[in-house]
Protein chains: 2
Amino acid sequence: MQKDLKEEARQIFKAGVRAVDPNEAVKRFLTLEGNTLLLGEQELDLEDFEGIWAIGAGKASAAMAQAVEEVLEDRLSGGLVIVKYDHLAPLEKIRLLEAGHPTPDENGWRATQELVNLVEKLGRQDLVLFLLSGGGSALLPMPVEGITLAEKMAATNLLLKSGASIQEMNTVRKHLSQVKGGQLARLAHPATLISLILSDVVGDPLDVIASGPTVGDPTTYKECQEVLDRYALKDTLPASVKSHLEEGIEGKVPETPKPDEPIFSRNLSILVGTNMQALKAAAKQAEKLGYTSLILSSLIEGDTTEAARFHTALAKEIVMSGHPVVRPACLISGGETTVVVRGKGKGGRNQEFALAAALDLEGLKGVCLLCGGTDGTDGPTDAAGAVVDGDTVARALAKGLNPREFLAANNSYHFFQHLDDLLITGPTNTNVMDLRVVLVK
Amino acid sequence: MQKDLKEEARQIFKAGVRAVDPNEAVKRFLTLEGNTLLLGEQELDLEDFEGIWAIGAGKASAAMAQAVEEVLEDRLSGGLVIVKYDHLAPLEKIRLLEAGHPTPDENGWRATQELVNLVEKLGRQDLVLFLLSGGGSALLPMPVEGITLAEKMAATNLLLKSGASIQEMNTVRKHLSQVKGGQLARLAHPATLISLILSDVVGDPLDVIASGPTVGDPTTYKECQEVLDRYALKDTLPASVKSHLEEGIEGKVPETPKPDEPIFSRNLSILVGTNMQALKAAAKQAEKLGYTSLILSSLIEGDTTEAARFHTALAKEIVMSGHPVVRPACLISGGETTVVVRGKGKGGRNQEFALAAALDLEGLKGVCLLCGGTDGTDGPTDAAGAVVDGDTVARALAKGLNPREFLAANNSYHFFQHLDDLLITGPTNTNVMDLRVVLVK
């Protein structure tokens, strides 16, 4: 029975990932009926436009571009999408340029320049589809004039080390860029700009995903100054960065466009793929398999071991009392947890989540937990995650493997490799963070 | 509206605590119909017994004893209950003896001796009701002969510092005691022994609550040896402790009674008050107030801030997507989290949970979270916990209070005192750990 549970958990995970396949995700929100382009609940009459262009950046954006080509066929005028090296898809009209990720490089800078050149030429008669996915920020590196890519990265690293929050980092980064924080929308204006977004950020905040190139930016140069003051960074920042921010604070360079500016009035952003979509598809598959499913939250963050403990506390309660749902039950959650690496082993947050859960679930019958990254790559491994049940610890001990030692060494990959309990999907070409499945029969 | 939410959260908490009032809890499982004593689903014919005795130990055990007196009236022969200093209740037939808690003392030792003297005299014609509640372990100190109370406590402290788990500590402690690990049941044999238990341990394991004086002990002297070996404690333990354990390992002193021994065959243990009972009563009250309630788990342990984050992740998801339940929703959980004290402030795990949650919920409308200890005492404070909502952080900042600084200083009590958001119930005379209420309207 345990083996079947694991197999069912894998099926449920796969159904979740399938739902956020970039090609399918785009096509779910983009269809053509005669001359009418249906965009979710919006409609656009293509006769209003002379040119229709697809631009974009992100690891999944080649696959998204392919979907756009398949939907629009010869209506499409052309376009340019920037992807991570080797993250390609066969395209006919849309150019693909490869660049560095997660560390931005000169190719990324040149590609972003080409993308800017393209949109700057467009006018009111043009429609632009902007295809954004995870990695889009690193693939669109374009510091303001006078700041080199190296200097911008140095500033980012300083912020990172200072203890600044992600929000604070983004506030500064947007003000060091020519395209982030709604500035790409300003460059594309007065063309009509529709963003199709595959979200890899918890909570799907449009102004945060890839630092929101097409979304109004509520943050200001004044707030940048507050961040620099708070972390006493003024004297350590590269001189070019410091002087640009000072000019901004003095009003000598224009602010990023704010959310209420008219350039955004005809624009639209559509989340074509989100963690919640994957969770819902997983829940649907679980119901098909006879489970009562309960989606807990797509917003699970924080320490991996602690998050695992919460999931197992719910699983055990189902066994004990039938709360929060009665058996056969399937709990589903998403988001992205963090690992503080203390050991020298090989693993990822999902495999470590599963290992921590295995310790909590030791000896329990009829319970199974799967944790996997929807991109198919968990940490620097070829696994997406792992699957565990109440026998996992006993099976490990019988093979001479001490689960606590593997956990302490952050060596979850080798632990599950020995047990043949890795979840291996190969690269999925999508990324909406993680998906966790808990089955209680 | 926010204010109403907080008031409703307080009502829901109070309903939860009311359900585990020791007096009511006992009476829910103990009723007299003519000559028949109804014990949950069991029945006892009182004509089979000549004497009916009530013994016990724990912070709530005076109130439990009072309930027994009220139910049995003149059928009761007498008894003896050991309570923490000043944790009294008016009793007529059952003697109350006060003793030290959480540190055991000589009064506790003497009281335990009297309790043992009482049960040793009993025979097949006697019925004993054993009233156990939180604190029962410290209030029943009776080391085996040859070991002083101070030596037993020294051994316990060594185990604690060594990093031994609670399970490992209990294994050793049971084997250093004359009453724990089922030994009180052996002393009371052949009387019929019914334990009525108010549980303050996550998961309500009968052999762990107060080290299970009336419950068969699956652990052995051999396992004690393994614990000592594992943490290299043999040379640091008091000589008396070491020599007793060695005698036990060599079979020179009897083992604790094992679960399958005949002495337990006519005994019964009833959990009259548990965390889950409080959660269910809270959920019922929430439903009365119009909320769809969802009991997450009574088993929530781990780091307080991380646990708070999990609860707020679910609250935010309810706002965003209606998962795991649709609004108006009430999430309920129990258990007991831990705090790593780093600062010098005043607070408790529940107040700290609420403070961490307030930071996560900043700016959110229609959401409220309450966290409180069912005993009415959170850490070394006169508050049970605290109540927060999306305005808490803004209200604090307006008063010049920085929530993050208070959290870092473990100073949640003073934070909520300034905001008048403490949950103050006074001592409730019960303890089934913590109760958390999340309202989303």
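User: In what order do the six strands of the open sheet in chain B stand?
Analyst: In this predicted model, local features need pLDDT of at least 70, side-chain atom pairs count only at pLDDT 80 or more, and totals for chains, interfaces and linings use all residues. Side-chain values use heavy atoms without hydrogens and water, residues are numbered from 1 along each chain as its sequence is written, and chains are lettered from A and ligands numbered from 1 in the order in which they are written. Strands (E, at least two residues) and helices (H or I, at least four) are DSSP runs numbered from the N terminus, and two strands pair if DSSP finds at least two bridges between them. The pairing in this open sheet of chain B is mixed, and the order is 10-11-15-12-13-14.

User: Which strands of chain B stand at the edges?
Analyst: An edge strand here has a single partner strand, so one side of each is left without a neighbour in the sheet. In chain B these are strand 10 (292-300) and strand 14 (422-423).

User: Which residue stands opposite V367(B) in strand 15 of chain B?
Analyst: Strand 12 (residues 367-373) and strand 15 (residues 434-440) of chain B pair in the antiparallel sense over seven bridges. Opposite V367(B) stands V440(B).

User: At what angle do helix 6 and helix 8 of chain B pack?
Analyst: Axes are lines fitted to C-alpha atoms, for helices over the stretch in contact, and angles run from 0 to 180 degrees between N-to-C directions. The axes of helix 6 (residues 166-174) and helix 8 (residues 221-230) of chain B are 9 Å apart, and the angle is about 125 degrees.
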